[in-house]
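This briefing concerns the structure shown below.

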Amino acid sequence: MTRVGIIGIGHGTFGRRSDATVQELAFEAFREAMGDAGIDRTAIDASVIGAVPEYHKQRSLAGVVQEYLGLNPKPTWLTEVACASGSAATRTAWMSIKCGLHDVVAVIGCQKMTEMSTAEILALMGRVGEVQWESGFGTTFPGYYAMFAQRHMHEFGTTRKQLLEVAVKNHYYGARNPYALFRKEITMEKAQGSEEVATPLQVYDCCANADGAACVILASEDKAKEISEKTVWLDGMACATASMSVLRRPSLTGLPSAEKAATDAYEMAGVTADDIKVADVHDCFTVAEIMAYEDLGFCPKGKGGPFVSEGKAHIGGKVAVNVDGGLKSKGHPIGATGVSMTYEIAKQLRGEAGERQVPDADVGLTHNVGGIGQYCFVQVLKRD
Amino acid sequence: MDLGLEGKNAIVTGGSMGIGSAIALRLAEEGCSVAINYRRHDTEAKQVVRDVEALGRRGLAVKADVSSYDDAQNMVQTVVNEFGSLDIMVCNAGINWDGVIWKMSEEQWDTVINVNLKGYFNYNKAAALVFKDQKSGKIVNISSINGLRGKFAQVNYSASKGGEIAMSKSLAKELGKFNVNVNVVAPGMVMTEMAESIPPEFLTKAMDETALGRFASAEECADLVAFLCSDRARHITGEVVKIDGGQYM
Amino acid sequence: MFEWFGKVNFTPYTKVSDFARHLKDGHLMGSRCKDCGATSFPPRADCDACASGEFEFNEVSGKATLNTFTKIVAAPTGFEDVVPYIVGVVDLEEGGRALAWFGESLKEEDIEIGMELQIVPQIFDEVEEIKVYYSLEQPGTTWSKVDPNWQ
């Protein structure tokens, strides 16, 4: 079967985008991606939209985005798996090319989160976990990751400071990313002084809601060679699930879905964890990034804290992780995040990342988690 | 009918005489240990305790003024300590002090309200604390048909008896989810010592009001109370059961 | 009846809704598959070991060990009046897990991962409707209790 490659990438500015509708945000990224690939709409066979519908007033988002992008009558549909919706869209596009149904597919991850009132958002926030047995007690998204953090600290001695090192690192790099929501470095002291959200997590442990879009254009091997000279190949494409409910996970110090997806992606791409030079992982909370180092095999189980505090996740370390700022600094427009990760890794593998370039980046990885780990999508990207 | 009251522990306020003592003895016959309060009638109270014990049950007489909040809380605590638990609270202690309103003193009003209405609050609250934690209990408050209708020269008494009914219904709503039943028994004229001091022409007038041409005995009232305290009545709550021979309909 | 369960309830209809009635009566129920015998807490109508839909309720003791916890300071809609509150995830002695609030019998400073706890059915007492939940308490705490030393 054909290899699938990324021939065009585009990204919009993440932030509080009260200047635009979700379809207008999508167009920003789409325009940039088409320009980057050097193609126009006639070259595109289909699109897949990754977004989480419940945050929007517009129902059935894929339709309105497709229309606005000027892609009617080409096929489109929505993929939704919470915060991994962007990666699910990429996977679906990849599948359609792999089987020969389409040759060139545009993947658009887009999201507006600021159309809702605070009360509406707070109501949604309480329904993140398993609604039947958990939401009646007022669990929240940070609450779940806080419980993972408590357990991780208890079992492995991970410290609060190590958790916040993730935030300091990601803000450092995000300050150098023009698309990020937060473009200022932060100090450890500032992070340590922030308000509690769910113990032990504080405000600086948590990513922020944002609006935004990103786009990648995928192509079959033949088409890619025809159109692009800087194709980045999607050689590892895996997805795994774990229980929605924390009540049915064997261990609460890692995400079983991430571990499984990583194993499968490495095998498919014919690489190991040691081959990965640059990665974008799902740092919805600082502890999530620490668990990701372990789940992805960048370091042994339990050693995620020292991994970051010893500089191993920085450029020049063992694996450069989230050097676009991660969710922490970019913000997290949920449908867009997965595609934003793919954008960044493709940019790195092409050598186009400027002052944030990871030297000799030839193999990269994206790790995109949905919700509290009920879905995880891991991609391995390669540059020939 | 087996009421299933064997081994239950009960308090009956105003249990030294009249309807109260009849209720105490009836509950004891059904298998309850019974505690009563007295304010002045210690001799009568001790007799009731002896009668209860003669039936093979534990009896206890506690000096307590029902209009005193602290006395009520203390009495309930004492009974729980002595008997080990509390299952039944019957509020029965009551007085009347009649008079047309233009001749009714402030003291006349306050005393009847404090003994009758506040007295029920004092004991109902103390019992509610126990029953809510225990997740079971029965409360029966003795009111009167004069709480359902107006009665000449009884603004104070009728107010207290009507208040007991409304209070019991509110309480039934609060305690229902804890498996506690709260009901009211509303007698008409009952032949007790209190009734013996009523002039004969009033008694005749009252009897003519009844469909059955008779008055209740204290024992008949006690039968009804015992039923309401039993598990046989477990689906009855917030109810007012008249026992008046059809005196007021 | 399942709408009785939780301070806020989003799932009023479920095949296991009698769970809430049992909880109101002081019983904590898991489920057992009638075909293969697999047990589950929380209860589930459809077996994930075989594929049977025949289940029965199966009372559990409520004895459990603390796996992890957090104190939630930023509350979702419906919980603003009780924040902050501490939720814990516990491993039940018979297997399965529960997520619940810590109750009155424990202070925040006593909470430690690995501690023994008792899951106790509770009734929300200051609302008119019937609302039930369960809480994490000191071992030995019972549902129905009379404390002879109350004031």
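In what order do the strands of the open sheet of chain A stand? The order is 3-2-4-7-1-8-12-11-9-10, an open sheet of 10 strands with mixed pairing; two strands pair if DSSP finds at least two bridges between them. The model is predicted: local features need pLDDT of at least 70, side-chain atom pairs count only at pLDDT 80 or more, and totals for chains, interfaces and linings use all residues. Residues are numbered from 1 along each chain as its sequence is written, while chains are lettered from A and ligands numbered from 1 in the order in which they are written.

**Confidence**

- The model scores ipTM 0.92 and pTM 0.90.
- Chain C has an average pLDDT of 93, and 96% of its residues score at least 70; pLDDT is the predictor's confidence in each residue, from 0 to 100.

- The order of the open sheet in chain A is 3-2-4-7-1-8-12-11-9-10. Strand 3 (76–79) and strand 10 (320–321) of chain A stand at its edges with a single partner strand each, so one side of each has no neighbour in the sheet.
- Strand 4 (residues 104–111) and strand 7 (residues 212–220) of chain A run antiparallel and are joined by 8 bridges. Within this pairing, Gly109(A) lies opposite Ala214(A) of strand 7 of chain A.
- Helix 1 (residues 22–37) of chain A packs on the sheet and touches strand 1 (4–11), strand 4 and strand 7 of chain A. The direction of helix 1 makes about 125° with that of strand 1 of chain A; axes are lines fitted to C-alpha atoms, for helices over the stretch in contact, and angles run from 0 to 180 degrees between N-to-C directions.
- Helix 9 (residues 256–269) of chain A also packs on the sheet, where it touches strand 8 (232–241), strand 11 (363–370) and strand 12 (375–382) of chain A. Its direction makes about 145° with that of strand 8 of chain A.

**Chain A as a whole**

- Chain A comprises 13 helices and 12 strands; helices (H or I, at least four residues) and strands (E, at least two) are DSSP runs, numbered from the N terminus.
- The C-alpha trace of chain A spans about 55 × 45 × 40 Å along its principal axes.
- In chain A, 64% of the 384 residues count as buried. A residue is buried if 20 or more other C-beta atoms lie within 10 Å of its own, exposed if 12 or fewer, and partly exposed in between, with C-beta atoms placed from the backbone.
- Of the contacts in chain A between residues at least 6 apart in sequence, 79% join residues at least 24 apart; two residues are in contact if their C-beta atoms, placed from the backbone, lie within 7 Å.

**Leu296(A)**

- Leu296(A) belongs to the loop between helix 10 (286–295) and helix 11 (304–309) of chain A, and counts as buried because it has 24 C-beta neighbours inside 10 Å.
- Apart from neighbours within four places in sequence, Leu296(A) is in contact with Ala258(A), Ala262(A), Ala273(A), Leu365(A) and His367(A).

**Chain B as a whole**

- Chain B has 8 helices and 9 strands. Its radius of gyration is 17 Å, close to the 18 Å that the globule rule gives for 249 residues, so chain B is as compact as a globular protein of that length.
- Buried residues account for 50% of the 249 residues in chain B.

- No contact joins chain A and chain B, and their closest C-alpha atoms lie 19 Å apart.

Technical notes
Rg over C-alpha atoms; globule rule 2.2 N^0.38 Å.
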